[in-house]
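User: I've got this one open and want to talk through a few spots in it. Can you take my questions one at a time?

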Amino acid sequence: MKAHLQKQKLIILLGIIAPSLCTLIIWPLHSILGTSSILMTYNLIVFLVAARYGRTASNLATLLSVLAFAFFFAPPIFSFAITDIDNIIGLVVMLIVANITSNLLDKIRLQAETAQKRENQATALYRLNRH
């Protein structure tokens, strides 16, 4: 139980670290990159977090990515008030894509676990049948 709790804390921590690092890397380049490129970078980070650490970390990374984009990159900068409709639409699309992605990856992970259990059962039955 304690190991599971530590794993959950690590997952939450990684859900926080990933968008934070992404923001630190993008910030010096924000004058070169367009807002769509920045949003796509955050989407990539959320996808990678979802693929590796699951839905909880992905949802946290999505929330923090949206907040970071709104605060650091969407005009007016250093404010959560987004005035450009394109940025609002981009954020909404990012939320939807991130949610769908994390759900699909979660289903794939569950199906892989189920397939592994079935394979183990089939192997056990095969061995039993041989004896």
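User: Which helix does Leu67 lie in, and is Leu67 buried or exposed, or in between?
Analyst: Keep in mind that this is a predicted model. Leu67 lies in helix α3.

User: How far apart are the C-alpha atoms of Leu67 and Ser79?
Analyst: Along the chain, Leu67 and Ser79 are 12 residues apart.

User: What span should α3 have, and what is the distance between its end C-alpha atoms?
Analyst: α3 covers residues 55–73. With 19 residues at 1.5 Å a residue, the helix should span 27 Å. That agrees with the distance between its end C-alpha atoms, which is 25 Å.

User: Which helices do the buried residues of α3 pack against?
Analyst: The buried residues of α3 include Ala57, Ser58, Phe69 and Phe73. Their packing partners are α1 (2–26), α2 (35–53) and α4.

User: Which residues is Ser58 in contact with, leaving aside its neighbours within four places in sequence?
Analyst: Ser58 has 0% relative accessibility, so it counts as buried. Leaving those neighbours aside, its contacts are Val46, Val49, Ala50, Ala98 and Ser102.

User: What is the accessible area of the nonpolar surface patch with Ile100 in it?
Analyst: Ile100 sits in helix α4 (residues 85–130) and is partly exposed at 47%. The patch also includes Ile85, Val92 and Leu104. Together, the patch residues have an accessible area of about 760 Å².

Notes. Residues are numbered from 1 along each chain as its sequence is written. This is a predicted model: local features need pLDDT of at least 70, side-chain atom pairs count only at pLDDT 80 or more; totals for chains, interfaces and linings use all residues. Side-chain values use heavy atoms; hydrogens and water are left out. Helices (H or I, at least four residues) and strands (E, at least two) are DSSP runs, numbered from the N terminus. Buried means under 20% relative accessible area, exposed over 50%, partly exposed in between (1.4 Å probe, protein chains only). Contact means heavy atoms within 4.5 Å. Patches are made of residues with over 30% relative accessible area and no salt bridge: like charges are joined within 9 Å, nonpolar side chains (Val, Leu, Ile, Met, Phe, Trp, Tyr) within 5 Å. Accessible areas come from the Shrake-Rupley method with a 1.4 Å probe; for residues, only the protein chains shown count as cover. A salt bridge is a side-chain nitrogen of Lys or Arg within 4 Å of a carboxyl oxygen of Asp or Glu. The expected span of a helix is 1.5 Å times one less than its number of residues.
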